[in-house]
Amino acid sequence: MGGRVRADPREPLLRIANLSKQFGGLLALDGVSLMVPRGATVGIIGPNGSGKTTLVNVLSGFVRADSGSVRLRDVDITDRSPEDIVGFGIARTFQTARPFHKLSAVETLIVALCSGRVRGRSRGGGFGSRAATAMDLLEEVGFERDSAVPHQTAAALPQGYLRRLELARCLALDPEVIITDELFSGLSPSEIASLLPLLEKLQVRGVSLILVEHRLRELFRVAEWIVVLHDGRKVLEGSPTEIAADSDVREMYLGAEV
Amino acid sequence: MSRRRERLERPIKVLTDDLNALTSVRYLAYLLAPRVVPIVVLFAVAVLVPNPYVQRIITIAGLYGLLALSWDFLAGTTGLVSLGQALFFGVGAYSAALWNRLGADPLVGLILATLVGAALSTLLLLPCLSLRGIYFSMTTLVYPLLFARIIEATAVFGGTDGLLGIEPLPHPWIERLLILVVVVTAVFALRRMLVTDVGLVLRAVGDDDLAVRASGIAVTRYRVVAVFVAAALGAFAGAYFTHLYMVAGLSAFALDLSILPIAAAVVGGVGTLAGPVLGAFLLLPLSEAARDLGSLRIVVYSGLLVLMILWKPDGLVPYLRRRYEQVERWVDV
């Protein structure tokens, strides 16, 4: 074939087929299948214990699936190690932010910049190039460059900053897919509002987002496709408007504003 | 009315925080004194006190200081708590003896034993480096006992007699000063290493290894690097010991070699690198002075350790640093 084939922006990027995972007697994931197109933003919701975090853990390699497969483009990444999966281009955040308590925000990102996927890129710029890259990333997620905040030990940072730091860590890994585990939980409405433009920027850049969330209102603003998990099964999927109109979902989130 | 203690930075600490320190000799002295004074005192005693007994204690304290430094580097940064520093020491000690038997010059043997001992120790510990939890501690605890029993039972490497007739280091002055130079250099080198990118990753591994893996880094590989560095320090100490006493015996795997470094680190301050070395130079003379007490020595020694933990659980170096950099005063609230 002659000319270059341009990638269809909607080509399937991540294919999850029939994932199951059992913990003791609990079926945490029960044959979950899902397709995430390149550049799409998929929201995953469901009540507590519905298997959302297990799904994140399986996708990011922290938990082995009992059966089923995960493919990124044409590569089978099922049961690969977390560090390999980052290497393939999938980064995640944790439900409770996991800062390095003795390291500053800049140093935290330098650690991520040492990972195999991006190690070579910030090299060659001479001394301090990783620190410079780290500072650029922090500024991108809303740290004030000239303040003391990026140099404080992460243990002293407020929740809002810790979430941004988690996102910045993902960005440092130059991923194709970012999976967030309840990015908005524990944040004030204004802190959430300040995160949304960031997610939109990632969408524009063509990064696929998988957002596991409890906060539906904010999620429905950014996600274009919603998947509902219940007892480890995918019970429903559709556009945010369809999901918001569904009576079962309304019942599940009774009291939550949909 | 109640009172509380308030801590304030000393003015001179604030004035020497940045390049301003270069504007005055006094500022520079303030910055350099905590580094220079202990080193000068150490070398002054080592050079000026002719008593061979004192000399020997300083040398042995240096060996224990290196073991304590090695322990602290592993535990304080990567979170790998070694209960068997005697493994590194013993492997280094026997390697040195074997290299010497093969005809290596003591100084060359010292380097070879350090590298081979470190590589061998790392290989032995490799299986448990990918595991989380207490497996590393358990394994390090068992290896020295295992080796001592194997050597005892099979009579390899001279059995209970040990490998005798090892050459001493080439000159008494080398014997006296080399270990001190190595300890001081190692402290500064490791401190330097911890602020490089590799050092940052090592510290992050000790903090939260899962978050490091989520950052796309193979944690095991960095643990291997840390264990190799720590084992090299321990193996060097063991090799030195072999040339010092001209024998490598079962005592190179003794429990003391595993316990005293940890005690020294607790006294000096875990995670400070310089602290454990200071701890070793305080504890070893003390333990020598209590030698006349016979088996009561261990009581004095343990009691002191408990007091230290109750009084200053952070260790001496963090305490001294606080006193050096801050003033305390009582304020009414």
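Is Asn18(A) buried, partly exposed or exposed, and how many other C-beta atoms lie within 10 Å? I found Asn18(A) to be partly exposed, with 13 other C-beta atoms within 10 Å. I took a residue as buried at 20 or more other C-beta atoms within 10 Å of its own, exposed at 12 or fewer, and partly exposed in between, with C-beta atoms placed from the backbone.

I noted that this is a predicted model, in which local features need pLDDT of at least 70, side-chain atom pairs count only at pLDDT 80 or more, and totals for chains, interfaces and linings use all residues. Residues are numbered from 1 along each chain as its sequence is written, while chains are lettered from A and ligands numbered from 1 in the order in which they are written.

Entry on backbone angles. I looked up phi of Asn18(A), which is near 55°, a positive value in a residue other than glycine. Most residues other than glycine have a negative phi. Asn18(A) belongs to strand β1 (residues 12-23) of chain A; strands (E, at least two residues) and helices (H or I, at least four) are DSSP runs, numbered from the N terminus. Asp174(A), also not a glycine, has a positive phi of about 45°. I located Asp174(A) in the loop between α5 (159-172) and β7 (177-181) of chain A, and it is partly exposed, with 17 C-beta neighbours inside 10 Å.

Entry on the interface. I recorded 16 residues of chain B in contact with 22 residues of chain A, contact being C-beta atoms, placed from the backbone, within 7 Å. On the chain B side, α8 (197-207) and α9 (209-214) are the elements that give two or more residues. The most come from α8(B), with six residues.

Key:
Contact = placed C-beta atoms within 7 Å.
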